[in-house]
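Colleague: I'm new to this one. Can you put it up and walk me through it?
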Amino acid sequence: MNAGTMKKDFLLLALLLWGTGFLWGQGTMSLEECRKLAIENNRKLQMADMQVLAAQEKKREAFTKYLPGIDAMGVYMRNQKEINLLEHDAYLPVGTIGQDGKWTMRPDQVMIGPDGKPVMNNGTPVPKDYALLPKDAMTVDDRNTALVQVGLTQPIYMGGKIRAYNQLAGLAEKLAESGRAMELEALIEKTDEAYWQIVSLANRKGLAVKYVETLRKFAGDMESLHRNGMATKGDMLSVKVRLNQAEMTLLRVEDGLSLSRMALNQICGLPVDTLFTLKEEMLETQVGEALPALDMEQVYANRPEISSLALATDIYKRKERIARSEYLPTVALTANYLAMTPSFFKGISTKFDGMWNVGIGVKAPIFHWGASRKSVRSARAETEMQRLKLEEVKEMVELQVNQARFKMHEAKRKLEVAADNLSKADENLKYADLGFREGAVPVSNVLEAQTAWLSAHTDVLDARIEWKLCEVYLKKAYGVLRNF
């Protein structure tokens with residue numbers, strides 16, 4: 001490796017490392033960036049892309065059925081014997097064909113006996129001269145036989161089968177695209193769930209840390225009060241027990257957060273030990289306006305499941321046409337060139353010689369014991385089954401949309417109640433601390449106020465995360481989740 005190549009490789013590596021550092025060195029990732037990484041690295045989505053590509057190639061292949069096909073065939077055989085049309089040399093009498101078309105012999109062509117009269121054989125004069133037909137002239141050397149054929153076939157009418165196959169290929173392509181859309185929605189939903197799970201646990205961790213710090217400070221104050229005889233040992237131990245419980249809760253939250261980060265890394269196609277901070281971890285989770293309602297026809301048009309079943313119904317309708325076309329006449333134009341050896345076009349020759357031909361072939365079924373009606377009825381039944389399945393899924397989608405709307409409304413109510421409770425818990429804790437310092441409130445009341453404060457903040461956090469997830473589920477129910 002020369003110095004120039006090494007320098008290029010070093011620069012390429014440096015740029016790669018710089019780009020990676022730019023991506024992760026910032027230390028933050030947004031929801032949109034996580035989605036993009038998940039889409040780029042998801043194996044199922046890549047397989048769905050390959051299914052779309054395969055369907056596109058099938059569609060192109062189906063179009064070629066309209067075009068003429070050219071085929072070539074070659075055969076060679078080594079035979080043991082030649083073909084001899086005569087066993088021995090043959091001798092043919094010499095005569096004359098008269099004006100009436102009959103074969104006769106002139107007097108000079110008849111054998112004359114010693115008595116000067118024509119020699120007769122069964123009442124027929126014996127010819128004086130014979131023509132020799134040698135055996136070799138009637139021998140065909142077919143020990144080396146070869147045949148070459150090049151043919152062209154142009155379909156003219158196939159009972160509508162070719163058109164139906166092309167329509168099927170087009171519908172199959174759309175079906176593959178619809179399947180990819182379903183995979184994309186499922187991936188985005190999975191990514192969002194993992195993302196907001198981390199945001200929830202990160203905020204829970206912050207609350208747990210703050211709660212632990214508050215309890216540690218309170219435990220230190222209680223030890224001082226106990227040493228000065230201003231608090232009982234039971235009160236001090238109650239605070240320490242509550243502190244140990246809070247530390248255990250914090251440990252569980254940290255473990256859950258680590259596992260959730262690993263899960264998101266796996267979804268995004270990153271090493272499981274990759275560390276980065278989500279954008280919403282550092283900000284208070286905000287809720288937006290509720291999604292505008294869509295009518296069910298818009299939802300049906302957006303949902304890939306509905307699209308897939310509608311396409312499946314159309315596919316089975318095309319299969320009805322194919323089943324019917326099997327019992328309709330077919331017409332095709334053919335053109336061929338045939339060359340062989342030995343050839344017989346100019347006598348008997350061992351050289352390759354050939355000819356061309358053009359023709360039209362027609363095939364028409366006449367009687368098949370009613371098989372056409374039975375196959376068409378079977379295809380029609382399958383079409384009806386797909387139509388019923390489509391109607392059933394539409395009902396399920398309508399139910400899913402209504403449930404998602406209800407959960408969204410419920411999440412909004414929970415958030416309102418939790419926000420109202422939060423202000424009361426903050427005020428309760430403030431007065432509990434003040435009352436304890438003045439000696440008017442016991443330790444148990446302070447601990448209850450701190451627990452209520454933690455619970456209220458947790459409820460607000462859960463309500464906000466639930467709102468975000470309900471928004472995701474409603475977008476999926478509307479069929480617009482993939483439009484981010």
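Modeller: Start at G69, which stands opposite T153 in β11. This is a predicted model: local features need pLDDT of at least 70, side-chain atom pairs count only at pLDDT 80 or more, and totals for chains, interfaces and linings use all residues. Residues are numbered from 1 along each chain as its sequence is written, and side-chain values use heavy atoms, without hydrogens and water.

Colleague: How do β2 and β11 pair?
Modeller: In the antiparallel sense, over 10 bridges. Strands here are DSSP E runs of at least two residues, helices H or I runs of at least four, numbered from the N terminus. Pairing takes at least two DSSP bridges.

Colleague: What order do the strands of that sheet have?
Modeller: The open sheet of 4 strands runs β2-β11-β13-β14, with antiparallel pairing. Its edge strands are β2 (69-78) and β14 (353-363), each pairing on one side only.

Colleague: New topic. Which residues touch the most other members of the largest nonpolar core?
Modeller: C34, Y195, W196, L264, F276 and L278, out of 33 residues. Such a core is a set of buried Ala, Val, Leu, Ile, Met, Phe, Trp, Tyr and Cys residues joined through side-chain atoms within 4.5 Å. Buried means under 20% relative accessible area, with a 1.4 Å probe and protein chains only.

Colleague: Where does the largest share of this core come from?
Modeller: From α4, with 11 residues.

Colleague: And how do α7 and α8 run, roughly parallel or antiparallel?
Modeller: Their axes, lines fitted to C-alpha atoms over the stretch in contact, cross at roughly 170 degrees on a 0 to 180 scale between N-to-C directions. Over 145 degrees counts as roughly antiparallel, so α7 and α8 are roughly antiparallel.

How values were computed: Buried means under 20% relative accessible area, exposed over 50%, partly exposed in between (1.4 Å probe, protein chains only). Angles under 35 degrees count as roughly parallel, over 145 as roughly antiparallel, 65 to 115 as roughly perpendicular and the rest as oblique.
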